[in-house]
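This report describes selected features of a predicted model, from backbone geometry to helix packing and nonpolar cores.

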Amino acid sequence: MFLLFRYDIKALIGRGSFSRVVRVEHRATRQPFAIKMIETRAKEGKEVCESELNILRRVSHHNIIQLIEVFEAHDRVYMVMELATGGELFDRIIAKGSFTERDATKVLQMVLDGINYLHGLGITHRDLKPENLLYYHPGADSKILVTDFGLANSGNKGGDWSMRTICGTPEYIAPEIILRKPYSNAVDMWALGVITYILLSGSMPFEDENRTRLYRLILKGKYSYLSDVSIQVLYSELYL
């Protein structure tokens, strides 16, 4: 395979339902990259792959993971992408417990910049969560990269930007999705609100092992938050 002549595979760094991510090194330049290998034999895997490729081929932003090149085989697609070595935002939350207001603002501003760019193109991510936000490098000054566009939507040929597909990670799903109502890219902002809560408190605003009870909590919109930092004030600072 031409891919193997170009890259040396170094290590497995991630695994999903239909995919694996490996760290590789370009043989000629010795530059590191990540390759996401997606199985396309199953209908679901093929749909996820097509969705992600459709988005990544259109975008170019410093807070969004960059697609370098694509190799296609009979039942598998290989996406060569820039390598983020700093780990998931989720891991840093676990390590820190919670973020200061200043640190949370830095993270959220970068994510907002990326999401604002996507929304300007008519793209809704639909699966924003700390696991899909990567640090470019391990340093404290690292930028954040928005990743994983398998559930993203970019409208339809008729120009209708409302969506109806029930999807996303349960704890981050907006009420209108749970209610099976047509929804807009505002669902990304709901997810970002949940992420804001997690950054500042180190816990989830809505949490229950039972999916039905979890959705009831989200629909009620009731949560407890004990901190000197106001989420509402923090959001207003981000938009100034």
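## Residues with positive phi

Arg126 is buried, with a relative accessible area of 13% (buried means under 20% relative accessible area, exposed over 50%, and partly exposed in between, with a 1.4 Å probe and protein chains only). Helices (H or I, at least four residues) and strands (E, at least two) are DSSP runs numbered from the N terminus.

Asp148, in the loop between S7 and helix H5 (175–178), is another non-glycine residue with a positive phi, near 60°. Asp148 is partly exposed, its relative accessible area being 29%. Most residues other than glycine have a negative phi.

## Basis of the values

Residues are numbered from 1 along each chain as its sequence is written. The model is predicted, so local features need pLDDT of at least 70 and side-chain atom pairs count only at pLDDT 80 or more, while totals for chains, interfaces and linings use all residues; side-chain values use heavy atoms, with hydrogens and water left out.

## Packing of H4 and H6

The axes of helix H4 (residues 101–120) and helix H6 (residues 186–201) come within 10 Å and cross at roughly 165°. Axes are lines fitted to C-alpha atoms, for helices over the stretch in contact, and angles run from 0 to 180 degrees between N-to-C directions.

Contact means heavy atoms within 4.5 Å. The contact involves residues including Val107, Leu108 and Val111 of H4 and Leu192, Leu199 and Leu200 of H6.

## Nonpolar cores

A nonpolar core is a set of buried Ala, Val, Leu, Ile, Met, Phe, Trp, Tyr and Cys residues joined through side-chain atoms within 4.5 Å. In the largest one, of 44 residues, Leu89, Phe149 and Leu199 touch the most other members. Among the elements giving two or more residues to this core are helix H2 (43–56), strand S5 (76–81), H4 and H6. Beyond neighbours within four places in sequence, Leu89 contacts Phe99, Val107, Pro130, Leu133, Tyr135, Ile195 and Leu199.

## Leu3

Leu3, in helix H1 (residues 2–6), is buried at a relative accessible area of 4%. Not counting residues up to four places away in sequence, Leu3 touches Ile35, Phe71, Tyr78 and Val80.
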